[in-house]
Amino acid sequence: MKMKRPYRKVVYRQKVKILLVQIVNRNLGDAVIADNAAYLIRQALTRLYGKHYVIQPYNISSADFELVKTADLIVFAGGGLMKFKQEHFHEYVPDLLECAQQYDIPVYFNSIGVEGYDGADERCQRLARSLNYSCVKGISVRDDLQTLRRDYLQEGDRFVGATIDTAVFTPQVYGIQKKECSDCIGLGIVRWRIFEDYGLAHITREFQLAMWKGIAQELEARGYRWKLFVNGLKSDYDFAVEVLEYMGEASRAGQLLVQRPVESRELVEAIASFAGVVACRMHANIIAYSLGIPSVGLVWNDKMTFWGERIGCPQRFLDSGQFEPRRIVDCLVQSIAEGVKPCAGAWKKSLQAPLQKFLRQYTASAWKQKRRVYMPKPRSFSKNLLATALGGKNLLYANLNAPEGLEDAFNNGFMNLETDLRLTTDGKLVCVNGWTDASYARLGLDVGQYGKEGADYQTFMECRQYDGHYHTMDAAQLLHCMSQRAGEWRLVLDIGKPSKQVLAGMLAQLKALCGNDRYWEKHLLIRLQGKYDVETVQKAGLPLQIMYYIPAKEKREEKKLTPAVVAQYCVKQGIQWVSMPKEALEEEVIAALKKEGMKTCVFSYDSYTDLLYALALGVDWVGTSHLSPAQMDGWVESAYTIVFAGIKRKNS
């Protein structure tokens, strides 16, 4: 008896898509909320994760509705969403819910904050109307449940209940525990104007400077060390620096001020190192609580008072009339003596149970519909997406041109990348997004000290971007790293609009790095913006391809330049690629370029909505810092492999 050889058949079908809506900013308390919410979703669907469903992070302010309407379920991670006087959640939440209602997508609000109601305010009323859509299946509230029930909601078949803040699972999410035997107190600084913004005008800048100095002195008198820290916002950090200067301790900033965090884990690690915390930011207090670290909150918003009541320690959250250094430190010392009671199991269950019920009910329903729906072979986004400035770190921090971003780009499936190259004042070629004030600020250099000529090589290479976190890189390091990379990768070198002298210096550097090695010709492109640059690069005989530039319509009209003229020039020069800013992307532009066989690249789009638009027009590469091939491949479709056994047959 013989058997046919077993064979495999790949069947493509979609996973259940869970859109996790989160607040994205440099206040990393919101990132901690999102990380905790993702953890709770995975816990609720442990057996299915990775096989039958996918979680897609979604920035609440992105208005990426093509992504929203492809979701099967929507979960709001948490945070103070029910507000209308500050920020723009009164726009973001209704817009998103209107899309969910139109496409019949079930929605769950997880552990949200409710901050007031005004029947005469149209912003508030729009928010209230959207919460009563039939797509909203459940809401858990971390604070003012009464206002939500009484003022926002009409009668309806949905779950509405009180819960604890999502971030109470922080130790499990990050695998971090508090440092034992610490004698250091963390002083969590907030921008001084926040008290004024919330109606506490008497808590002035001068008052706060004196208050923080007094707290530090009281702690020292009682044998404690102290450090200032922030949740991540630059305005908070700037005021922390000012506090140190007021104390006369600016020279000791390295010892007395925690480095500004750029990732949520860093914030958690910083708080875990303290014996106690005095903080203005709510989630500095919540993270401390989750780690078993006593904290005293300085209240500028009722949500902090609600939190104190929720954990049974209202006395640890002081209102503005109690902002006196000795009183604050007395409260902290008493809190340290009493310790922190672990979060009650009932409160954790109030967070987990309704979310789990929602997820299991609607995930099962969605999977039942998808399990027999097969698809053609999916698109591979690695062919279409290009990582700008070597990729953003964690798909968040952009314009880095850093080795950390490059590593992230590779890990996220990018095969096409772009880097910005500029000359230093001493003639070295480095990776930097132009010599601009924004670049100097990101590098930590004095904006007023440097001009458009740039910094010297040593100064640049010693910089660490985003407050000391990410390294700088030169062209030699980048090309060496890329040469070790297997596969059909491509790298676009963007040199900006250099002067003739600077261009000559750049090309000399590239010639020294690449020589005449034809290896680079299939991997490197150089992005040029003028005919002189094209002619000069062609004369230099560098082993790379040219990517020409077409400007936006206003610039084209000013120069009496048409897409057809650009395409014909490129054909004449043997150029195959044309790049453009997103403002130049129009159907007629792409049509004219494609007619002459041009390949096209657009910079930069960061939403699925814009990505689909560009691809529908026929764009080949879409530059981005906040999307990735791995992310898009996982969201849009997934492959399943089924092995069929061979069939028995008789010997011939």
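## Model and confidence

The structure is a predicted model. Its chain has a mean pLDDT of 92, with 93% of residues at 70 or more. Residues 641-652 fall below 50 in pLDDT. Beyond near neighbours in sequence, that stretch has 27 contacts in the model.

## Nonpolar cores

The largest nonpolar core contains 102 residues. Within this core, Ile74, Phe76 and Phe109 have the most contacts. Helix H3, spanning residues 89-102, gives the most to the core, contributing 6 residues.

Phenylalanine 76 can be followed in detail. With neighbours within four places in sequence set aside, its contacts include the aliphatic residues Val21, Ile60, Leu81, Val93, Leu96, Leu97 and Val107. Tyr108, Phe109 and Asn110 are also in contact with phenylalanine 76. Another core, of 96 residues, lies apart from the largest one; among its members are Val230, Met282, Val299 and Val329.

## Helices H1 and H11

Two packed helices are described by the angle between their axes and the distance between the axes. For H1 (residues 29-44) and H11 (residues 264-272), the axes come within 9 Å and cross at roughly 105°. Angles of 65 to 115 degrees count as roughly perpendicular, and H1 and H11 are therefore roughly perpendicular to each other.

On the H1 side, the contact is made by Gly29, Ala31, Val32 and Asp35. These meet Ser264, Leu267 and Val268 of H11. By class, the contact has 4 nonpolar, 2 polar and 1 charged residues.

## Asparagine 231

Asparagine 231 sits in the loop that runs between strand S11 (225-229) and helix H9 (234-247). Because its relative accessibility is 2%, asparagine 231 counts as buried; the cut-off for buried is under 20%.

Not counting residues up to four places away in sequence, asparagine 231 touches Arg26, Asn27, Leu28 and Gly29, among others. Its other contacts include Pro261, Leu267, Arg281, His283 and Ala284. Two of the residues it touches, Gly29 and Leu267, also take part in the contact of H1 with H11.

## Cysteine 313

Cysteine 313 is located in the loop between helix H13 (302-310) and strand S14 (317-318). Its relative accessible area is 14%, so cysteine 313 is buried. Cysteine 313 and valine 296 are 17 residues apart in sequence. Their C-alpha to C-alpha separation in space is 9.7 Å.

How values were computed: Residues numbered from 1 in each chain as written. Predicted model: local features only at pLDDT ≥ 70, side-chain atom pairs only at ≥ 80, totals over all residues. Heavy atoms only, no water. Axes fitted to C-alpha atoms, helices over the stretch in contact; angles between N-to-C directions. Helix = DSSP H or I, 4+ residues; strand = E, 2+ residues; numbered from the N terminus. Parallel < 35°, antiparallel > 145°, perpendicular 65-115°, else oblique. Contact = heavy atoms within 4.5 Å. Nonpolar A, V, L, I, M, F, W, Y, C, P; charged D, E, K, R; others polar. pLDDT = per-residue confidence, 0-100. Core = buried A, V, L, I, M, F, W, Y, C linked by side-chain atoms within 4.5 Å. Buried < 20%, exposed > 50% of the residue type's maximum accessible area, 1.4 Å probe, protein only.
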